[in-house]
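Please look at the protein shown below before reading on. The text then goes through it step by step.

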Amino acid sequence: MARGLADGSVVVSALLIGEATLVAGLIGIRAGDTYAMVRLGQDIENWSHCSPGKLVIERTLHALRGDGVTVFDFTTGDYTYKQSFQPERCGLFDLTYPLSLRGQGHLAARRAFAVGKA
């Protein structure tokens, strides 16, 4: 269950009140100098007025920046809160690699269909 926590490849951040009240949490994956946010959760019923999700993101980015991370991937989704961090947009890359003969046939059909549409 805790794989990735010890070596730092999985980063879990939390905004707490006291020692037990979770207000916001963020899970991400780190590889070298790159960090990608995976899941953000927050108690919007009681704390939405002070944007706890944005706060836990900001504090996480600040801490990771101090630890040498220079690339932050906000992953997919065009959510409003992301715009306040002024991210630089970049294109996604789709890699399909067949692992079997059946997969090779499927990939060949996809390529043929894509060429026919061009």
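Phe 72 is partly exposed, with a relative accessible area of 24%. This value, like the others here, comes from a predicted model. The label follows from the cut-offs, because a residue counts as buried under 20% and as exposed over 50%, with partly exposed in between.

Phe 72 has an aromatic partner, Tyr 35. The two rings lie 6.5 Å apart, centre to centre, and their planes make an angle of 65°. The pair is classed as edge-to-face because the angle between the planes is over 60 degrees. Where do Tyr 35 and Phe 72 lie? Tyr 35 belongs to strand S3, residues 34-42, and Phe 72 to strand S4, residues 71-73, so the pair ties together parts that are 37 residues apart in sequence. Is Tyr 35 buried or exposed? Tyr 35 has a relative accessible area of 0% and is buried.

The structure holds two aromatic pairs. Phe 74 is buried, at a relative accessible area of 10%, whereas Phe 85 is partly exposed, at 24%.

Now consider the chain as a whole. How many helices and strands does the protein chain have? There are four helices and four strands. Read from the N terminus, their order is β-β-β-α-α-β-α-α.

The overall dimensions come next. The C-alpha trace spans about 60 × 35 × 30 Å along its principal axes. The radius of gyration of the protein chain is 19 Å, whereas a compact globule of 118 residues would have one near 13 Å. Of the 118 residues, 20% count as buried. Among the contacts with a separation of 6 or more, 39% are between residues 24 or more positions apart.

How values were computed. Residues numbered from 1 in each chain as written. Predicted model: local features only at pLDDT ≥ 70, side-chain atom pairs only at ≥ 80, totals over all residues. Heavy atoms only, no water. Helix = DSSP H or I, 4+ residues; strand = E, 2+ residues; numbered from the N terminus. Rg over C-alpha atoms; globule rule 2.2 N^0.38 Å. Buried < 20%, exposed > 50% of the residue type's maximum accessible area, 1.4 Å probe, protein only. Contact = heavy atoms within 4.5 Å. Phe/Tyr/Trp six-rings, centres within 6.5 Å; stacked < 30°, edge-to-face > 60°.
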